[in-house]
Number of protein chains: 2
Amino acid sequence: MDKNDTYILERQVGFVMRRAVQRHIAIFSALIPEMTPTQFAALAKLCELGQASQNELGRLTSMDVATIKGVVDRLRSRELISSAPLESDKRRLMLAPTRKGRAMYRKYVAQATEVSRQTLAPLDDGEQRQLVQLLERII
Amino acid sequence: MDKNDTYILERQVGFVMRRAVQRHIAIFSALIPEMTPTQFAALAKLCELGQASQNELGRLTSMDVATIKGVVDRLRSRELISSAPLESDKRRLMLAPTRKGRAMYRKYVAQATEVSRQTLAPLDDGEQRQLVQLLERII
DNA sequence: CATAATTTGTTTGTGTACTAATAGACTGTG
DNA sequence: CACAGTCTATTAGTACACAAACAAATTATG
């Protein structure tokens with residue numbers, strides 16, 4: 001009856017996005033083998049801000065409390081960021097990039113741009129902008 | 001010097017895709033609380049095919065060997081799929097949906113379409129098609 | 001036919017992501 | 001001031017995702 005009553009997995013946004021993310025992560029880890037995309041995102045945001053509480057950093061990088069804790073733990077164990085409880089609010093754990101963390105960020109920031117470039121390479125400039133804009137609207 | 005020498009996390013495809021996937025998964029689990037998107041994908045594909053080996057199912061749903069194993073284990077422990085070694089090729093584990101699995105698929109297939117609809121709801125019809133097509137090209 | 005290469009599935013380890021429960025610290029209101 | 005509600009961080013549990021190493025079965029090749 002309906003022209004579209006079959007469910008075609010391959011055409012569902014969720015499925016296609018999952019595959020696109022897979023490819024993106026593969027490109028990322030080829031170009032930036034020392035870090036995951038999530039770790040780089042947290043480090044980049046922290047370098048941009050100078051410092052932030054763990055919770056704040058999680059919100060700004062779209063990671064929930066449990067996720068950001070794991071990411072921060074791993075970055076800290078590699079001495080890319082430092083942490084200290086805040087005197088004026090003892091609930092908060094203030095984070096800052098270490099010298100080593102800043103160096104790591106500087107080392108890879110150009111590569112990170114290249115990751116985005118390669119991910120979008122099959123599209124022309126207009127299409128690239130369009131894709132990012134459409135994605136931003138369904139967030 | 002350059003007009004774009006700062007790295008803006010929020011504008012990177014990877015970051016935006018990650019957030020879009022997060023929203024999609026939230027919609028999915030609100031509408032289909034009994035299963036994850038991945039589990040539904042595997043079950044749907046298996047219902048479409050009738051049967052498949054574990055490896056085959058993994059390839060068709062874009063899950064690597066370790067991932068598909070976990071997904072299959074969980075579906076099997078809930079008796080949504082059955083498995084049996086293939087006589088003619090003893091390496092292969094043939095999978096098929098159980099009656100219960102088929103019922104589960106039928107129960108949620110309309111909801112799965114609704115998940116895609118809600119995920120794309122902020123866009124008009126043309127934009128929805130465009131987004132999916134652009135994503136397909138960067139896979 | 002024998003052996004090398006490939007395919008399939010399993011296991012281990014690491015990392016992301018979410019839920020739910022908990023505890024301690026802070027804030028607001030009565 | 002007290003105490004209820006909120007915020008921050010931690011912990012435990014489940015699930016996806018990938019890499020690497022392995023064993024068993026099959027296929028290809030000399």
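The structure is a predicted model, in which local features need pLDDT of at least 70, side-chain atom pairs count only at pLDDT 80 or more, and totals for chains, interfaces and linings use all residues. Residues are numbered from 1 along each chain as its sequence is written, chains are lettered from A and ligands numbered from 1 in the order in which they are written, and side-chain values use heavy atoms, with hydrogens and water left out.

DNA strand D is surrounded by 24 residues, the closest being N55(A), R91(A), L93(A), T36(B) and R74(B); a residue is near a strand if one of its heavy atoms lies within 4 Å of it. Of the atoms of DNA strand D that come within 4 Å of the protein, 81% belong to sugar and phosphate. In chain A, an N or O atom in the side chain of R18(A) is 3.0 Å from a phosphate oxygen, and a backbone N or O atom of L93(A) lies 2.4 Å from a phosphate oxygen. In chain B, a polar side-chain atom of T36(B) lies 2.6 Å from a phosphate oxygen.

Helices (H or I, at least four residues) and strands (E, at least two) are DSSP runs, numbered from the N terminus. At least two residues each of the surface near DNA strand D come from α1 (13-31), α3 (54-60), α4 (65-77) and β3 (89-97) of chain A and from α2 (37-49), α4 (65-77) and β3 (89-97) of chain B. The most is given by α4(B), with four residues. By class, this surface has five nonpolar, nine polar and ten charged residues, where Ala, Val, Leu, Ile, Met, Phe, Trp, Tyr, Cys and Pro count as nonpolar, Asp, Glu, Lys and Arg as charged, and the others, Gly among them, as polar.

DNA strand C is likewise surrounded by 24 residues, with T36(A), R74(A), N55(B), R91(B) and L93(B) the closest. Sugar or phosphate supplies 75% of the atoms of DNA strand C within 4 Å of the protein, and bases the rest. The side chain of T36(A) places an N or O atom 2.4 Å from a phosphate oxygen, whereas the side chain of R91(B) has an N or O atom 3.0 Å from a base oxygen. The surface near DNA strand C receives the most from α4(A), with four residues.

In chain B, α2(B) and α4(B) pack at about 80 degrees with axes 10 Å apart (axes are lines fitted to C-alpha atoms, for helices over the stretch in contact, and angles run from 0 to 180 degrees between N-to-C directions). The two helices are therefore roughly perpendicular, a class covering 65 to 115 degrees, with angles under 35 degrees roughly parallel, over 145 roughly antiparallel and the rest oblique. In this contact (heavy atoms within 4.5 Å), T38(B), Q39(B), A42(B) and L43(B) of α2(B) meet V71(B), R74(B) and L75(B) of α4(B).

Over all chains, six aromatic pairs are counted; rings of Phe, Tyr and Trp (its six-membered ring) pair if their centres lie within 6.5 Å, and planes under 30 degrees apart count as stacked, over 60 as edge-to-face and the rest as tilted. Y7(A) and F40(B) form an edge-to-face pair, 5.5 Å centre to centre with 80 degrees between the planes.

Conventions:
Polar contact = N/O pair within 3.5 Å; in protein donor to acceptor, adjacent residues only side chain to side chain.
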